[in-house]
Amino acid sequence: MTVAELWIQVRYRLGWVFIIVATAIPVIMWTVMLPLSDRFFSPQAGIGSISKVLAIAGLMLYAINLVLAARVRWMEDYFGGLNRVYIAHHLTGGIALIFLLFHPLFLAMGYLVLGSITSFRAAANFLWLRPISLAFPPPEAVMQASAINYGIIAFLGMVALLILTFFVKLPYRIWLFTHKFLGVAFLFAALHILFVFSDTSSNPALKYYLLAWSVLGLVAYTYRTLAGSILVRKYNYHVDAVNRVGDSVVELVMKPVGNPMKFQPGQFVFIRFRYSGDKAITTEAHPFSISSSPKDDFLRLSVKALGDYTTALINLKPGAIAEIEGAYGKFSYTNYTNPKQVWIAGGIGITPFLSMAGSLLPEQELEVDLYYSVKAASEFVDFEKLSNITSTAHHFRTIPWITDERGFLSADAIEKESQTLVGKDFYICGPPGMMKAMRAGLRAKGVPNYRIHSEEFAMS
């Protein structure tokens, strides 16, 4: 591994290092406030202490989750692409929700340790809203009751959102709408932790650290969810042509309205159509890989019909207006230095490779074998263009692979055709099962993991 390759591997892990350190800081602040013997002198006190740690770590991960969801491009440099940013987003969000849900449950369990009928009733009442007297109670009592109610509202809201996410099958548009309320639940969770009379109120450094991250999370939520249509930069394109290519693949050719978007070969965009002329084409943004080259004066997307939305794209009319956000992704040969490469495409996974192949220059000292695997020959997309590049580029080969005739493409077959796997970088894009099997096959043959690059991006 060269120094440049080592730095890439280190840099792509800095995002996780930052998440761990940022979450550990307030937990450490809380830990050093009192001796642990004072925190765990009884079962009830121990349960309460664990619940506080869960609340602090949960709030931090929740805030980080909202920041990751902002889809800011510079984050890709520290995770290795937007797909990995979204993996971090899903993991931090899931862990944060579990921690914050268990925080009130552990506090309620503290009553159950007593084991009486009264304690069971107290545990049940603990998880419900507190009445606030109108008979002029002390301001401290009103603030404490309000802070607890903020926490209960956040708890009930997160329970409802988890049920909708995991146990109710909702249409994508409705699910996306409900997902937006995660920011509202976070607001109430933050208000609870910041105003409740507890360790956070007695330690200014801890309180203001959590306050800063709460503000940052809410700013990110506002930027992406509440005001994204205004604040997030988008490029306007108009549809110039809609072509059917291959089996169930639609090619969209678009021209910029104003300044064109800059991108690297292999990247993808989020696209939202306005005035599409077809009711089945909704206004939500969807991610698609770019199949045109940065050298082209147009933007081309090649989309396979896999659902209602993608099937309806054939009905787009020339002149339809598209808003495009991006470009995103680190799946590009331009991000790595090894000139000996193997590109492996499965089905519609050819799209980023079309962009990369079209961007190759004669003076580039690259040695590329492109394996293009499809089930049947009728599924090939732009194979003629790839053949033309093969005939004009000295060190670029396209190897077609039809699985109905030759079986599934394997690391053994690639090793035989390309003569060796040693010293090469591998780029894989295709169905998830195919990418997983190919990575496992290459790893079994001794290919280091850092030499295998893939794009596993999917909206959820």
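Residues are numbered from 1 along each chain as its sequence is written, and side-chain values use heavy atoms, leaving out hydrogens and water.

View 1. Among the elements, H2 has the highest mean pLDDT (97) and helix H6 (residues 117-126) the lowest (61). Helices (H or I, at least four residues) and strands (E, at least two) are DSSP runs, numbered from the N terminus. Where pLDDT is low, the predicted coordinates should not be read in detail.

**View 2. The largest nonpolar core.** A nonpolar core is a set of buried Ala, Val, Leu, Ile, Met, Phe, Trp, Tyr and Cys residues joined through side-chain atoms within 4.5 Å. The largest has 46 residues, and Tyr 62, Leu 68, Met 158, Leu 210 and Trp 213 have the most contacts inside it. Elements giving two or more residues to this core include helix H4 (43-68), helix H11 (204-226) and strand E3 (268-274). H4 provides the largest share, eleven residues. Beyond its neighbours within four places in sequence, Trp 213 is in contact (heavy atoms within 4.5 Å) with Phe 18, Ala 22, Met 60, Ala 63, Ile 64 and Val 67.

**View 3. The pairing of H9 and H11.** The axes (lines fitted to C-alpha atoms, for helices over the stretch in contact, with angles from 0 to 180 degrees between N-to-C directions) come within 10 Å and cross at roughly 165 degrees. H9 is therefore roughly antiparallel to H11, a term for angles over 145 degrees. Residues of H9 that meet H11 include Phe 186, Leu 187 and Ala 190.

**View 4. Two residues with positive phi, Arg 71 and Gln 419.** Arg 71, not a glycine, has phi near 60 degrees and is found in the loop between H4 and H5. Arg 71 is buried, with a relative accessible area of 9%. For Gln 419, phi is about 80 degrees, and this residue is exposed, with a relative accessible area of 74%. Buried means under 20% relative accessible area and exposed over 50% (1.4 Å probe, protein chains only).

Technical notes: Predicted model: local features only at pLDDT ≥ 70, side-chain atom pairs only at ≥ 80, totals over all residues. pLDDT = per-residue confidence, 0-100. Parallel < 35°, antiparallel > 145°, perpendicular 65-115°, else oblique.
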